[in-house]
Amino acid sequence: MNQSTRIPCVVLSTKAMVFDTHTHTLFCRHAALYMPRAVVAAANARGLKGVAMCCHCPMPEQYDYKHRMTMEEWPSFVDVVARERELCAQMYPDITTTFNLEPEEQARLRALDVDGCVEAYFSQVGEAASSGLFNVMAHLDFIRFRMISIGHRDFTLTPEDAHFRHVLTCLDAIKAAGVAVEINTSSVAKGFKDHFPSEPIIRAAVERGIPLVLSSDAHRPEHVGRGFLTALKTLEACGASHVSHFIGGQRYETPLGDALAAVSSHASDRAVEQVIEEARPMLWAGVEGGDVLDAVAAVSARAGQR
Ligand SMILES: [Zn+2]
Ligand SMILES: [Zn+2]
C-alpha cells in the first residue's frame with residue numbers, strides 16, 4: 001500500500017501549529033507519576049498547540065516491565081486517557097491532544113560487530129516504517145546511545161563511517177513508506193550535544209523530502225516542548241522548509257518561519273516549571289513510588305474528577 005496516499009497531508013498556512021509529538025504519562029513506569037492532564041497543562045504553559053501522549057505499549061510476558069504498563073493495565077490506560085482527553089478539552093480548549101503508542105523491539109546487538117549492529121538496527125527500523133503501522137519513526141539514531149551503553153564507548157554514526165550507509169538505506173525505506181521522522185530533543189539530557197537524529201541524518205532526510213516532527217520525549221511535564229527553538233533552528237540549518245504534526249493519522253505542515261516565530265515567544269523552561277509547580281496539587285498523582293492505578297485513583301478523587 002502506498003503510505004503517501006494513505007496518510008494525506010494538509011498544509012496549514014494561516015496559523016503556526018507547533019506540536020510536541022512524543023510525551024509519556026504515569027503509565028510508563030520510569031516516568032514521573034502525573035496524570036495526562038499535566039502534560040496538556042505543560043503544553044498550554046509552554047505555548048504549544050498540541051501534544052501527543054506516546055506511552056510505551058504493553059508487551060506480552062511483561063517484557064521490559066520497568067518501562068511500560070502491563071497488559072492487565074491496558075484497559076485502565078484506555079479508560080483514563082479517554083476521560084483525561086475529555087477533561088483537557090474543557091480545561092485547555094486551545095490544545096489538541098492525541099493519544100498514541102510507542103512500540104519498540106530492540107534488535108539483538110550484543111552478539112554482532114559494529115557494522116552488524118548498525119545494519120540490524122536500521123533494517124528493523126526500515127521494516128517498521130514499511131509496515132504501515134506508524135506515522136512517525138522516533139529517535140531514529142538512538143543506537144548511538146545504545147552502542148555506548150553496551151560498551152562501544154567510541155561509537156560514532158557520521159557520514160564518514162562505513163556503517164552510515166545503513167542509515168541511508170533506512171531513510172530510503174522511510175521515504176518510500178511516506179512516514180515522518182522526529183527531531184527528539186531528549187538527547188541533550190542524555191549527554192549528547194545534538195538531537196536524535198544528528199544533523200547529517202536530518203539533512204539526508206530533508207534531501208529526500210521526508211516530513212519532520214518535533215518531540216521532547218518528556219517523561220515529566222516540565223520537559224514538554226523543551227529545546228524546541230534549538231531544534232527548529234537545526235531544521236532550518238538543514239534546509240527544512242516545514243515542520244509537521246499528526247492528528248488522527250493525518251499529517252499537517254506548518255511553514256518553518258511561522259513555527260520559529262511561535263516558539264520564539266514560548267515560555268522559558270523556568271516559567272513552565274513554575275506553572276507546573278503551582279498546579280501540582282491538581283495535576284500530579286502525587287504518590288511517590290506507588291502503584292499506577294492507586295495514583296490515578298488518588299488524583300481523580302482529589303481533583304473531584306470522576
Ligand atoms: Zn520512556
Ligand atoms: Zn519515548
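Two strands are said to pair if DSSP finds at least two bridges between them. Helices (H or I, at least four residues) and strands (E, at least two) are DSSP runs, numbered from the N terminus. The structure described here is a predicted model, in which local features need pLDDT of at least 70, side-chain atom pairs count only at pLDDT 80 or more, and totals for chains, interfaces and linings use all residues. Residues are numbered from 1 along each chain as its sequence is written, and chains are lettered from A and ligands numbered from 1 in the order in which they are written.

Aspartate 20 stands opposite valine 51 in β3. Strand β3 (residues 50–56) pairs with β2 in the parallel sense over 3 bridges. Both strands belong to an open sheet of 3 strands, ordered β2-β3-β4 with parallel pairing. The edges are taken by β2 (19–23) and β4 (96–102), each with a single partner strand, so one side of each is left without a neighbour in the sheet. On average, neighbouring strands of this sheet are turned by 15° against each other, direction ignored; axes are lines fitted to C-alpha atoms, for helices over the stretch in contact, and angles run from 0 to 180 degrees between N-to-C directions.

Helices come next. Helix α2 lies across β2, β3 and β4, running at about 145° to β3. Helix α3 also packs on the sheet, where it touches β3 and β4, and its direction makes about 160° with that of β4. Contact here refers to two residues whose C-beta atoms, placed from the backbone, lie within 7 Å.

These helices also meet each other. The axes of α2 (residues 36–46) and α3 (residues 74–91) come within 9 Å and cross at roughly 30°. That makes α2 roughly parallel to α3, a label for angles under 35 degrees, while those over 145 count as roughly antiparallel, 65 to 115 as roughly perpendicular and the rest as oblique. Pro36, Arg37 and Val40 of α2 make the contact with Val81, Glu84, Leu87, Cys88 and Met91 of α3.

Helix α8 (residues 228–237) and helix α9 (residues 256–264) pack at an angle of about 160°, with their axes 9 Å apart. The two are therefore roughly antiparallel to each other. On the α8 side, the contact is made by Phe228, Leu229, Leu232, Leu235 and Glu236, and on the α9 side by Leu256, Ala259, Leu260, Val263 and Ser264.
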